[in-house]
Amino acid sequence: MRRRTRLTPDDQNALRRAFYERIGRGDMTLPEAMKAMREMTGLTQAEFAAHRGVSRRVIQDIERGTGNPTVESLNSIAKLFGLRVGLVPIRKKELGEPTSG
């Protein structure tokens, strides 16, 4: 089992800035966001899950892109970061349509 990663305050701030910039652009998948949130805390999957009140398996499956978490679980996890589940527009690129340009 991996040990907790100790991040310096500067490292944490840099990760947070990058995270919120990508979230703001809508440029992050759920697995990427989950892993980024956990890494910002410096916790293992098990530690992060216990801290957020979900099972380790929920975190593991989301990070792998194979999970089907409930909205309640996602909100419990995201609340720490001032986020909540919402509807996000789908970009044409994600739908497999050609983009102009």
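## Contacts around Met-34

Contact here means heavy atoms within 4.5 Å. By that criterion, and leaving aside residues up to four places away in sequence, Met-34 touches Phe-48, Ile-59, Ile-62, Glu-63 and Ile-77.

A quick word on the basis of all this: the model is predicted, with local features needing pLDDT of at least 70 and side-chain atom pairs counting only at pLDDT 80 or more, while totals for chains, interfaces and linings use all residues. Residues are numbered from 1 along each chain as its sequence is written, and side-chain values use heavy atoms, with hydrogens and water left out.

Helices are DSSP runs (H or I, at least four residues), numbered from the N terminus.

## Aromatic pairs

Two aromatic pairs are present in the structure. Phe-19 and Tyr-20 form an edge-to-face pair, because their ring centres are 5.1 Å apart and their planes stand at 75°. Phe-19 pairs with Phe-81 too, and this pair is tilted because the centres are 6.0 Å apart and the planes at 55°. For reference, rings of Phe, Tyr and Trp (its six-membered ring) pair if their centres lie within 6.5 Å, with planes under 30 degrees apart counted as stacked, over 60 as edge-to-face and the rest as tilted.

Phe-19 sits in helix α1 (residues 9–25) and Phe-81 in the segment after α5 (71–78), so their pair ties together parts 62 residues apart in sequence. Both of these Phe residues are buried, whereas Tyr-20 counts as partly exposed because its relative accessibility is 33%.

## The largest pocket

The largest pocket has a volume of about 850 Å³. Its lining has 25 residues, with Ile-23, Met-28, Leu-30, Gly-86 and Val-88 nearest the centre. At least two lining residues come from each of α1, α2 and α5, and α2 gives the most, with five.

A pocket is an open set of points on a 1 Å grid over the protein atoms alone, where a 1.4 Å probe fits, with protein on both sides within 12 Å along at least five of seven lines; lining residues have an atom within 4 Å of a point. Grid points are joined across faces, edges and corners, and the volume is the space filled by probe spheres set on them.

Conventions: Buried < 20%, exposed > 50% of the residue type's maximum accessible area, 1.4 Å probe, protein only.
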